[in-house]
Amino acid sequence: MKVKKLLAAALAAVLTVGTLAGCGGKGSSSTGDGKGSGSSSESDSGDIVNLKWVTIGNGMPDNYDSWISKVNDYIGEKIGVNLEMEVVSWGSWDDRRNIIISTNEPYDIIFGIGKNYTSDIELGAYCDITDMIDENMTGLNELMPEECWTAVKVDGRIYGVPTYKDVAVSNYAIWDKELVDEYKLDTSSLIELESLTPTFEKLKADKNDYPVYIKNDGIYHIFDVYDQIGGGTQILGVRYDDKDARVCFTLEEPDIRSELETIHEWYEKGLINPDAATLSEGRVYNMWRVAQGWESAGITSWGPQMGKEVAVQKIGDTIMSNETVRGSINMISTNSKYPEKCLQLLDLVNTDTKLRDMFYYGEEGVDFEYTDDNKAHKLNQDWELPGYTQGSYFTVTQIDTDEYGQWDEIKELNEKAVVSEMLGFTFDISEISDKLANCSEIWLRYRSEVMTGVQDPAECIPQIKEELMKAGWQDIMDEAQKQVDAYMAEKK
């Protein structure tokens, strides 16, 4: 462990040198030579500057050259930027991202998610943009709620631009509507897991199929009411609405324990597919399942994917937390020569509908076209850049096949979300990182069988806890509670 810490310290030192050279205008350009690769004053004089944005998707588009040429014509005139994109495929992302960060490879903007955000900040990888936002992101500042900026703060500073999309989690039960109609089900009364058992027993007997068909992550939504506080594991958290902010071992909390017992009961009764714990993929058809999204997704996504008409029922509150906001963030390299230009680019991508459509749909005339009633018609269903990674949903032109204002629906959900008591708090795990890693691994060994009902909670939870305690779980809980208490005291 000492060797790992020395390596991390050495890397942090390397990146700190970069920090001194970059994120302020001096030092070499992170995107190499070319027009605008001189001092920061050149960008102020009207020259075009070069930026590189690394993101995730289906790989580089076939028409990348013509698409980026049109993008650059537009942003060159608007903000004096020439952009290079690197779109890394899903399967290669983790390795590629880690190489970029660990070797200090040149880039200006990089996509990320919460699990890497704080650790990369500790290494000095990202530019502190706190004091640059107001001047360089006036459009996005008007669009995005202050809570989203709060959610990406670490020690009171901002190192990433969150994507203003569905930044709060809403869970929905998705039913085969044919069954809802046949059995005259009142789905509004079938929200708690325990209440579902008689209906599932009837469906199993009548249809000779599993009413709960799941894969190895099980019925994971039950943990969404616990803010993970940056610990990165389902078993550590603070309930989102707990004003006392008590740090919990969630498996022992009455609500979670009860739901796990119900899931085990379902498994024992044959209501869950017996191979669930070993499946990495689910199946297309489900009598019932739970998913995150919004109600009209039943018409635009969930139903079409299943090939059936579905009935959708919201479950619980819509919750905004650090985790829900940090699902999509774009950071600026500490070595970027033009951090202000990076922010201006992200501001434009978020707020300028023409540019937003270029990123969301692709090249006009090749990947999409505008209709006479100012909607977007897709010519290519497989545009490689996923929209959630780039910018706000709320400036995208509505697609012509969409009869429902799903962007308006998502925005309303965001605005009505219950904000977690822990929003803005990030657990500093530096003192207990090894213990937390070991405890997380212990939970992962059990997780699939616990979450799919194979294991009896009455037997396995005490066993899990015993192993956790030997690995330092109490120290983790104590350190988390100490930091949470300090944060809550400061909030007051």
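This is a predicted model: local features need pLDDT of at least 70, side-chain atom pairs count only at pLDDT 80 or more; totals for chains, interfaces and linings use all residues.
Two packed helices are described by the angle between their axes and the distance between the axes. For helix 14 (residues 339-351) and helix 15 (residues 353-361), the axes approach to within 6 Å and cross at roughly 90°. Helix 14 is therefore roughly perpendicular to helix 15. On the helix 14 side, the contact involves Leu348, Val349, Asn350 and Thr351, while helix 15 contributes Thr353, Leu355, Arg356 and Phe359. Sorted by class, the residues of this contact are 4 nonpolar, 3 polar and 1 charged.

Turning to the strands, an open sheet of 4 strands shows mixed pairing, in the order 11-7-12-16. Strand 11 (288-292) and strand 16 (418-419) form the edges, each pairing on one side only. Strand 16 runs parallel to strand 12 (residues 310-320), and 2 bridges join them. Here Ile319 is found opposite Val418 of strand 16. Helix 16 (residues 406-416) lies across strand 7 (169-176), strand 12 and strand 16, and its direction makes an angle of about 40° with strand 12.

The cysteines complete the picture. A disulfide is a covalent bond between the sulfur atoms of two cysteines. With a cut-off of 2.5 Å between sulfur atoms, the count of disulfides is 0. For Cys342, the closest cysteine sulfur belongs to Cys127 at 8.4 Å, so the two are too far apart for a bond. Cys342 also counts as buried, at 0% relative accessibility. Cys148 is likewise buried, its relative accessible area being 0%.

How values were computed. Residues are numbered from 1 along each chain as its sequence is written. Side-chain values use heavy atoms; hydrogens and water are left out. Axes are lines fitted to C-alpha atoms, for helices over the stretch in contact, and angles run from 0 to 180 degrees between N-to-C directions. Angles under 35 degrees count as roughly parallel, over 145 as roughly antiparallel, 65 to 115 as roughly perpendicular and the rest as oblique. Contact means heavy atoms within 4.5 Å. Ala, Val, Leu, Ile, Met, Phe, Trp, Tyr, Cys and Pro count as nonpolar, Asp, Glu, Lys and Arg as charged, and the others, Gly among them, as polar. Two strands pair if DSSP finds at least two bridges between them. Buried means under 20% relative accessible area, exposed over 50%, partly exposed in between (1.4 Å probe, protein chains only).
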